[in-house]
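Colleague: Could you take me through how to read the features of a model like this one?

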Amino acid sequence: MSDYDFEWPAYVSVGEQRQRAQKELARLRKRGREVAPVVIEGRKIAKSFWGQSWCSNLESYSDFASRLPRGRSYVCNGLVIDLQIDKGKIAAVVSGSELYDVTIAIAPVASKRWRAICAACSGSINSLVELLQGRLAQSVMDRVCQKGEGLFPAPGEIKLSCSCPDAARMCKHVAAALYGVGARLDEAPRLIFVLRGVDEGELLVGAGQDLAISKSAPGATKVLADDDVAALFGLEMAETDNSSVAVAPAGKSPRCGRKASAPAAKKGRSPRRA
Ligand SMILES: [Zn+2]
């Protein structure tokens, strides 16, 4: 018996998926659960430095790159009906053919690595507002985004789990939750520091006694426009076939396609039920 031996799930339109998600959301609220759904406004999943950097970090790893697109339409269509980010943990409820619980454990930044980041950024970040808004010198942006050595987690630091029957290491619900984090960082950038278990205050000028005295003038802080950020971090998406479902067109940032297809498996096209 192969994986393919089951009845194809009925085609469910995007509208029906959204409706179902809204119903489930209302039901959870009625039960008194405090839910924080991911709401994507506009066509980009994430617009800020922190949100886009989160997404581009994940997409930069080949382990994840092929799996992540499955989650884009889910998050864009409002199917991540709850997303909670705490120290070392992301928990989400994703609406599919039923509700699925996603749990993602993220290891804290090792203290040695964090000290190295703080030392490298020392004297360059003048205020918490600048930091959280991502109005940072290029050297700081490069350092915090440094693959495997910065603030964003590598695959080895991420443990994924979902209550769905999809045996894939990263199912579409997990992928949707991961993109949801990018969107959430737009609204609440501080959560990246909470998630990684570090104190963002330690990055600020003069935060540590042992930090080197900065020579950089305030003018060294560069304000980057949205497009500059995208260009700087190479947010080019993997090439996509325009006819494929759920995948944003190639662009500077993960996007929500205007006509994203139903996340549910299309009849006769996919072996997966969700
Ligand atoms: Zn799943």
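Modeller: Let us begin with burial, for which C-beta atoms are placed from the backbone and a residue is called buried if 20 or more other C-beta atoms lie within 10 Å of its own, exposed if 12 or fewer do, and partly exposed in between. With 11 C-beta neighbours inside 10 Å, Ala110 therefore counts as exposed. Please keep in mind that this is a predicted model, in which local features need pLDDT of at least 70 and side-chain atom pairs count only at pLDDT 80 or more, while totals for chains, interfaces and linings use all residues. Residues are numbered from 1 along each chain as its sequence is written.

Colleague: Is Glu24 buried or exposed?

Modeller: Glu24 counts as buried because 20 other C-beta atoms lie within 10 Å. Over the protein, buried residues account for 41% of the 274 residues.

Colleague: Which elements make up the secondary structure of the protein?

Modeller: Helices (H or I, at least four residues) and strands (E, at least two) are DSSP runs, numbered from the N terminus. Here there are 10 helices and 4 strands, and from the N terminus on they follow the order α-α-α-α-β-β-β-α-α-α-β-α-α-α. Glu24, for example, belongs to helix α1 (residues 14-30), whereas Ala110 is found in the loop between β3 (99-106) and α5.

Colleague: Which residues does Glu24 touch, not counting those up to four places away in sequence?

Modeller: A contact means that the C-beta atoms of two residues, placed from the backbone, lie within 7 Å. By that criterion, and with residues up to four places away in sequence set aside, Glu24 touches Ile81, Ser95 and Leu99; the C-alpha atoms of Glu24 and Leu99 are 8.0 Å apart although 75 residues separate the two in sequence. Of the contacts in the protein with a separation of 6 or more, 73% are between residues 24 or more positions apart.

Colleague: Where is the place of Gly88, and with which residues is Gly88 in contact?

Modeller: Gly88 sits in the loop between β1 (80-86) and β2 (89-95), and it counts as partly exposed because 16 other C-beta atoms lie within 10 Å. Leaving aside neighbours within four places in sequence, Gly88 is in contact with Ala105, Ile106, Ala107, Pro108 and Gly197. Gly88 and Gly197 are 109 residues apart in sequence, yet their C-alpha atoms are 6.7 Å apart in space.

Colleague: Which residues have the most contacts inside the largest nonpolar core?

Modeller: In soluble globular proteins, nonpolar side chains tend to be buried together. A nonpolar core is here a set of buried Ala, Val, Leu, Ile, Met, Phe, Trp, Tyr and Cys residues joined through C-beta atoms within 7 Å. The largest such core has 64 residues, and those with the most contacts inside it are Val75, Val80, Val94, Val174 and Ala177; its largest share, 9 residues, comes from α8. With neighbours within four places in sequence left aside, Val80 is in contact with Pro37, Val38, Tyr74, Val75, Ala92, Val94, Ala176, Ala177 and Gly180.

Colleague: At what angle do helix α2 and helix α8 pack?

Modeller: Axes are lines fitted to C-alpha atoms, for helices over the stretch in contact, and angles run from 0 to 180 degrees between N-to-C directions. Helix α2 (residues 49-59) and helix α8 (residues 172-187) pack at about 160°, with their axes 7 Å apart. Angles under 35 degrees count as roughly parallel, over 145 as roughly antiparallel, 65 to 115 as roughly perpendicular and the rest as oblique; α2 and α8 are therefore roughly antiparallel to each other. On the α2 side the contact is made by Trp50, Gly51, Trp54, Cys55 and Leu58, and on the α8 side by Leu178, Tyr179, Val181, Gly182, Ala183, Leu185 and Asp186. With Ala, Val, Leu, Ile, Met, Phe, Trp, Tyr, Cys and Pro counted as nonpolar, Asp, Glu, Lys and Arg as charged, and the others, Gly among them, as polar, the contact of α2 with α8 has 9 nonpolar, 2 polar and 1 charged residues.

Colleague: At what angle do helix α4 and α8 pack?

Modeller: Helix α4 (residues 69-76) packs against α8 at an angle of about 65°, with the axes 7 Å apart. The residues of this contact divide into 7 nonpolar, 3 polar and 3 charged.

Colleague: How do the axes of α5 and α7 cross?

Modeller: The axes of helix α5 (residues 111-121) and helix α7 (residues 138-145) come within 10 Å and cross at roughly 170°, and these helices are therefore roughly antiparallel to each other. Ile117, Ala120 and Cys121 of α5 make the contact with Val140, Arg143 and Val144 of α7.
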